[in-house]
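Visitor: I am new to this structure and would like to be guided through a few of its details. Could we take them one at a time?

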Amino acid sequence: MDYLASLLSWWYLAAEAAIYMRTLAFYQMFLHPLAKFSGPKLAAITRYYEAYFGICAWTYEGFSAKGATICATDHHVHKARRLPLNPFFSKAKVASQQGLIRRNIIKLCDQILNFSKSKLTINLGAVISAFARDASTEFILGRNYNSLDREDFNFGMMNVFQDYGHIWRVTKHIMWFGPIMMTQKASWWLHRLLQMQEHHAPRTIVHEILESNLPPAEKAFERVFDEVATVTAAGFETTASVLGLIVYHVFSSPEILQRLRHWNKLPYLTSVLTEGMRLSPAIAMRMARIAPDRDIVYGEWCTPAGTPVGMTTLLMHTDKILRKNLEKTYAPFLKGTGNCMGMYLAWAEMYMAIAALV
């Protein structure tokens, strides 16, 4: 009798679970405020539809850095965290650090020239990534790790940050996986960096955060670590990726190369960089925004308050229809208050690097 009662209880639990899932699916497909929006019905039922297709879309949780500004979905938290960093990444601050960028560009060109003289093959992706890392870390953290001086251009570090791309695709759906991997890869040197900040050292984003008016909780080690990790990582491979793409296309086309060298250089260079950013935007993933207290109305469509809304930048840039109105859809650094805080640094590095290389 006990076995039969146990069997019946499990049967009832299974039946209740099945009824719940069917009811939830019916509500999601037909009664939910978003039900009228087009798309696969299975995607309306469960977010794991997205995970099935290659786990290909990222979200803020995937960064495993809840303390970072970029991961703050609340508008007021995002604004408070970003405020101390805005002057550090301003156009004026970047302009004052042109000498820093120029020093690293000279080293970049010297390395390429040395390989050219030796008739050896050079990994342009590695050397460009080394330039981006050295320039960005010196600007952001006040420390140059001299990747350009190494024989392999510190190629292993390039692989580390590119590997995080694969990790983030998974951590969006398996939340606990990210923190575990963060302890296994490059986190150790960021921890060490935060601990080594000295009063006589150049001002860094760590100083800006710790000396700001943010509350004590926002200055905790874990929070600052998340900020440093995301900001520096963003400065590494985003700029390197677009520079590599531009260099490939420019030197693959004699016509483009000659135009850059002999025409009115700045306007054409700007066009080349703009096209490079269209094909390789700084943030290619979908970065959702949430209107917590109001509905978003677009034509006849109404998105309820609290609904994450985002578009994939790369798809916006490459869609044949949207390209006809590129002035509105072009957003390599996103737009508004959530745009990339390091965009002036990225533009400066790209302008100066491509001008020097051609």
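Visitor: Which residues form one aromatic cluster?

Guide: Please keep in mind throughout that this is a predicted model. By the rule used here, rings pair if their centres lie within 6.5 Å, and the count comes to 7 aromatic pairs. One aromatic cluster is formed by Phe88, Phe89 and Phe139.

Visitor: The charged end of which residue sits over the ring of Phe88?

Guide: A charge sits over a ring if, among other conditions, NZ of Lys is within 6 Å of the ring centre. Over the ring of Phe139 there is such a charged end, 5.4 Å from the ring's centre. Over the ring of Phe88, at 3.7 Å from its centre, sits the charged end of Lys93.

Visitor: Is the crossing of H6 and H17 left-handed or right-handed?

Guide: The axes of helix H6, residues 98-118, and helix H17, residues 343-357, come within 10 Å and cross at roughly 40 degrees. Among the residues that make the contact are Ile101, Ile105 and Leu108 of H6, together with Leu345, Ala348 and Met352 of H17. The residues of this contact divide into 11 nonpolar, 1 polar and 2 charged. As for its handedness, the crossing of H6 and H17 is right-handed.

Visitor: Does Asn146 count as buried, exposed or partly exposed?

Guide: Asn146 has its place in the loop between H7 and H8, and its phi is near 55 degrees, a positive value in a residue other than glycine. Most residues other than glycine have a negative phi. Buried means under 20% relative accessible area and exposed means over 50%. At 33% relative accessibility, Asn146 therefore counts as partly exposed.

Visitor: And what does Leu334 count as, buried or exposed?

Guide: Leu334 is found in the loop between helix H16, residues 326-329, and H17. Its phi, near 60 degrees, is likewise a positive value in a residue other than glycine. Because its relative accessibility is 18%, and buried means under 20%, Leu334 counts as buried.

Terms used
Residues numbered from 1 in each chain as written. Predicted model: local features only at pLDDT ≥ 70, side-chain atom pairs only at ≥ 80, totals over all residues. Heavy atoms only, no water. Axes fitted to C-alpha atoms, helices over the stretch in contact; angles between N-to-C directions. Helix = DSSP H or I, 4+ residues; strand = E, 2+ residues; numbered from the N terminus. Left-handed = near helix turned anticlockwise from the far one by under 90°. Contact = heavy atoms within 4.5 Å. Nonpolar A, V, L, I, M, F, W, Y, C, P; charged D, E, K, R; others polar. Phe/Tyr/Trp six-rings, centres within 6.5 Å; stacked < 30°, edge-to-face > 60°. Lys NZ or Arg CZ within 6 Å of the ring centre and 35° of its normal. Buried < 20%, exposed > 50% of the residue type's maximum accessible area, 1.4 Å probe, protein only.
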